[in-house]
Amino acid sequence: MDTTIKDLGEFGLIEKIKTLFGKPQDALGIGDDCAVLPFDKTNLLVTVDTLIENVHFFSNHPLDKLAIKAININISDIVACGGYPKWAFLSLSLNPQTKTSQIDLFLESLQKCFANSNLELLGGNTTKDDKLSINITLIGETDKPILRSSAKENQDVYVTGKIGCAACGFFAIKNNLKESDECLNRFLAPKARLDLIEKIKPYATAMIDISDGLLQDAMHICTSSNIGMDIILENINLCESKYLSDIDKITFGEDYELLFCADKKYRNSLLEIKDVKLIGYTNNSKKLTIYNKGKILTPQKYGFRHF
Ligand code: ADP
Ligand code: MG
């Protein structure tokens, strides 16, 4: 019997594509938060992400907040590679019955985000569909790309910000429950950690943004860098909301915080940065191990997968 995409899985499909198309000659392609294109004396970073109605957001997602989300999930990938966003392409699929006032709300909010981050819109594409979908390609720049693949064993592992708020916000909206504005906004209109990049960049050996769950994204660094990691659950600054378990909070994703590794000699400097927490250590085990008060946890899943 013919197998399906569900059998292959999201990462199985990406691996298949990577093998079929081969390695690019003068760029870093599939496998990191962005593609890296050495250009002149700098590096261009390119990333693309799609948000689809009823897959990534509910139909009643306020459109001004959706615009913030759409651009920030892309900015987050640029930041994860140690760069700054510069240029964007915007592709929209729209239902013809969509009210123009709603699209104005979306576009005005998006334009404000562009102005605040010195971003320029260079083009895009517009098509008809039953459901709203937003696809943004973002181009950024960095003098020093920070990759998922350059962590070494015996380094510290850090994470920024609070983890699990978006998960709790999503859960509350889905189940019509009351929730703090912090959690609701972290799901509806997340902000990429552009504010931290300059402080972290001098020290980070490898970095990823947390879009699919802290554990799964930590695992990506392990696999890409061919290392292992011990993560200490009680060291993570977890969202206080009572709706979800600690494991749910570290496997749901959509935090858009940064997880990175750094040499131990920089520990004092990094711990002085507000919002940066030491949550673990790298090793040569090639496995990700999660400790909860000294006991090993074995979660059923590590993070979000489309298939
Ligand atoms: P992120 O969560 O950081 O956006 P993804 O997990 O979506 O990253 O993607 C991981 C890597 O796989 C990235 O380098 C991305 O460019 C690549 N990728 C994902 N889907 C495809 C695809 N359909 N074709 C080619 N590359 C892909
Ligand atoms: Mg990413």
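**Figure 1. Lysine 201, a buried residue with a relative accessible area of 11%, and its salt-bridge partner aspartate 143.** This view, like those that follow, shows a predicted model. The side chains of lysine 201 and aspartate 143 meet in a salt bridge, with 2.7 Å from N to O. Side chains of opposite charge can pair when their charged atoms come close. Lysine 201 sits in the loop between α7 (197-200) and β7, while aspartate 143 sits in the loop between β5 (133-142) and β6 (156-160), so this pair ties together parts of the chain that are 58 residues apart in sequence. Is aspartate 143 buried or exposed? Aspartate 143 has a relative accessibility of 61%, and it therefore counts as exposed, whereas lysine 201 is buried.

**Figure 2. Two salt bridges made by glutamate 257, one with arginine 186 and one with arginine 193.** The side chains of glutamate 257 and arginine 186 meet in a salt bridge of 3.4 Å, taken from N to O. Glutamate 257 belongs to the loop between α9 (246-249) and β9 (258-262), and arginine 186 belongs to helix α6 (residues 181-188), so the pair ties together parts that lie 71 residues apart in sequence. In the salt bridge between glutamate 257 and arginine 193, the closest N and O atoms are 3.0 Å apart. This second pair also links distant parts of the chain, since arginine 193 is found in the loop between α6 and α7, 64 residues away from glutamate 257 in the loop between α9 and β9. Which residues are joined into one network by salt bridges that share partners? The network is made of Arg186, Arg193, Asp195, Glu257 and Asp275. Glutamate 257 is buried, with a relative accessible area of 4%, and arginine 193 is buried as well, with a relative accessible area of 11%. Arginine 186 is likewise buried. By the rule applied to this model, the count of salt bridges comes to 12.

**Figure 3. The site of the magnesium ion (ligand 2), coordinated by Asp33, Asp77 and Asp209.** Each of these residues contributes an OD atom, and the distances are 2.0 to 2.1 Å. Along the chain, the donors of the magnesium ion follow the spacing D-x43-D-x131-D. Aspartate 33 lies in the loop between α2 (10-21) and β1 (35-39), and aspartate 209 lies in strand β7 (residues 204-209), so this pair ties together parts that are 176 residues apart in sequence. Aspartate 33 has a relative accessibility of 7% and counts as buried, and aspartate 209 is also buried, with a relative accessible area of 1%.

**Figure 4. Helices α5 and α6, shown with their buried residues.** Which residues of helix α5 (residues 165-174) are buried? They are Cys165, Ala166, Ala167, Cys168, Gly169 and Ala172, and the buried residues of α5 pack against α6 and α9. In α6, the buried residues include Cys183, Arg186, Phe187 and Leu188, and the buried residues of this helix pack against α3 (63-80) and α5.

Figure 5. Asparagine 176 is exposed, with a relative accessible area of 75%, whereas glutamate 254, at 16% relative accessibility, counts as buried.

**Figure 6. A nonpolar surface patch of about 520 Å².** The patch is made by Ile14, Ile17, Leu20, Phe21 and Ile30. Leucine 20 lies in helix α2 and is exposed, with a relative accessible area of 71%.

**Figure 7. The contact between domain 1 and domain 2 of the protein chain.** The domain assignment gives residues 22-142 to domain 1 and residues 148-297 to domain 2. The centres of the two domains, taken over C-alpha atoms, are separated by 23 Å. How many residues of domain 1 are in contact with domain 2? There are 24 such residues in domain 1, and they are in contact with 24 residues of domain 2.

Methods. Residues numbered from 1 in each chain as written. Chains lettered and ligands numbered in written order. Predicted model: local features only at pLDDT ≥ 70, side-chain atom pairs only at ≥ 80, totals over all residues. Heavy atoms only, no water. Donors = N, O, S within 2.8 Å, 3.2 Å for Na, K, Ca; no water. Helix = DSSP H or I, 4+ residues; strand = E, 2+ residues; numbered from the N terminus. Buried < 20%, exposed > 50% of the residue type's maximum accessible area, 1.4 Å probe, protein only. Patch = residues over 30% accessible without salt bridge, like charges linked within 9 Å, V, L, I, M, F, W, Y side chains within 5 Å. Areas by Shrake-Rupley, 256 points an atom, 1.4 Å probe, with all protein chains shown as cover. Salt bridge = Lys/Arg side-chain N within 4 Å of Asp/Glu carboxyl O. Domains from an automatic or database assignment. Contact = heavy atoms within 4.5 Å.
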